[in-house]
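Please open the model in your viewer and keep the sequence panel beside it. The stops below can be selected one after another.

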Amino acid sequence: MSRMTRRAALAGLLATPALARASPGWEPTRPVQLIAGFAPGGGSDIIARTIAEACQPLYPVPLVVVNRPGAGGALAAEAVARASPDGQTLLLAGGSESTSIPAHRDVPYDPKSSFRSVIRLTRHGHFICVRGKTGRFRDMRQVMAAAREAPGRITHGSAGAGTLSHSLFLLLEKRAGVEFLHVPYTGGGPVAQALLSGDIDLGVQASDELGGLAASGDIVPIALASAERAPAWPNVPTLRELGFEVVADNQKGWVGPAGMTDAMVGYHHDRFRQGLQSATWRRFLERIGETDGYADGRAFQAAMDRLLDDIRGALRSA
């Protein structure tokens with residue numbers, strides 16, 4: 001190779017984004033199945049489709065989002081746990097199917113060992129909300145005072161029994177020494193409607209679910225179960241600030257079957273990491289008022305495991 005040819009080759013290599021160069025030796029040979037455990041149009045589905053759009057130019061094969069709703073995401077998790085570890089199938093994990101449901105009941109997979117974590121994409125805060133305008137509560141201190149005066153009488157809605165929004169209140173009960181009355185629904189939307197109608201006192205809404213109802217004051221977020229305040233809601237205190245050690249973020253990221261190789265994990269991680277820096281993804285984060293939720297596979301798995309252990313501990317002491 002001539003000096004000029006080598007120089008041109010080196011210049012071309014340096015001009016290529018570093019993330020796209022990583023993990024040589026493996027690449028997908030057929031469409032990659034991206035499994036979302038919830039119905040089209042919901043938060044998980046939108047995350048999966050947005051990052052797939054951002055990353056499609058980085059892949060030699062189609063990225064295909066497949067919705068497999070049911071059992072709070074556990075059906076999709078089971079399917080991916082049983083899939084071939086060939087790098088062609090990934091699960092959008094990190095929510096109830098990974099951090100909460102396995103603490104409440106037996107599932108046909110082990111959330112700690114049945115998967116190989118690739119990358120975390122988002123970390124959505126969970127807000128405790130009350131009815132606005134004509135509601136009885138204005139802040140979390142009023143809520144806790146009422147809960148102590150009337151154990152088991154203050155109602156809270158969740159997206160379903162065993163879901164993370166249910167477990168958040170179990171953790172709060174343990175940390176605060178109070179008792180609430182759980183009212184399960186089928187998702188964040190029905191919870192918001194129950195708050196509006198006055199059927200429940202408290203409801204959990206993820207940051208991407210607050211939307212117009214919170215902007216209009218019809219529902220009011222009064223506390224956040226995250227390690228720090230949300231930039232989009234700077235006046236809402238965390239439960240930690242209020243004296244309760246409860247952190248229960250709804251994380252979303254890709255995992256695959258446990259047998260995936262380092263090359264497979266590295267290939268997917270690097271391309272999705274590059275997608276997180278795209279204009280498509282950054283516009284999405286701005287729209288929902290979130291910041292970058294990135295973590296590598298090891299850190300993502302550790303965060304999921306910590307929350308699952310915390311919820312299991314709360315259930316054992318209940």
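Predicted model: local features only at pLDDT ≥ 70, side-chain atom pairs only at ≥ 80, totals over all residues.

Residues are numbered from 1 along each chain as its sequence is written, and side-chain values use heavy atoms, with hydrogens and water left out.

Begin by selecting Gly43, Ser44, Gly188, Glu209 and Asn250, which are the closest to the centre of the largest pocket among the 37 residues that line it. A pocket here is an open set of points on a 1 Å grid over the protein atoms alone, where a 1.4 Å probe fits, with protein on both sides within 12 Å along at least five of seven lines, and lining residues have an atom within 4 Å of a point. The space in this largest pocket is about 870 Å³, and elements that each supply at least two residues of its lining include helix 3 (43–55) and strand 10 (250–257).

Next, turn to the second largest pocket, with a volume of about 250 Å³, and select Val247, Asp249, Gln251, Ala303 and Arg306, the closest to its centre of 13 lining residues. Helix 13 gives the largest share of this lining, five residues.

Then select Ala71, in the loop between strand 2 (63–67) and helix 4 (74–82), where phi is positive at about 55° although Ala71 is not a glycine. Finish at Lys133, in the loop between strand 5 (126–131) and helix 7 (140–149), which also is not a glycine and has a positive phi of about 65°.

Notes:
Helix = DSSP H or I, 4+ residues; strand = E, 2+ residues; numbered from the N terminus. Points joined across faces, edges and corners; volume = space filled by probe spheres on them.
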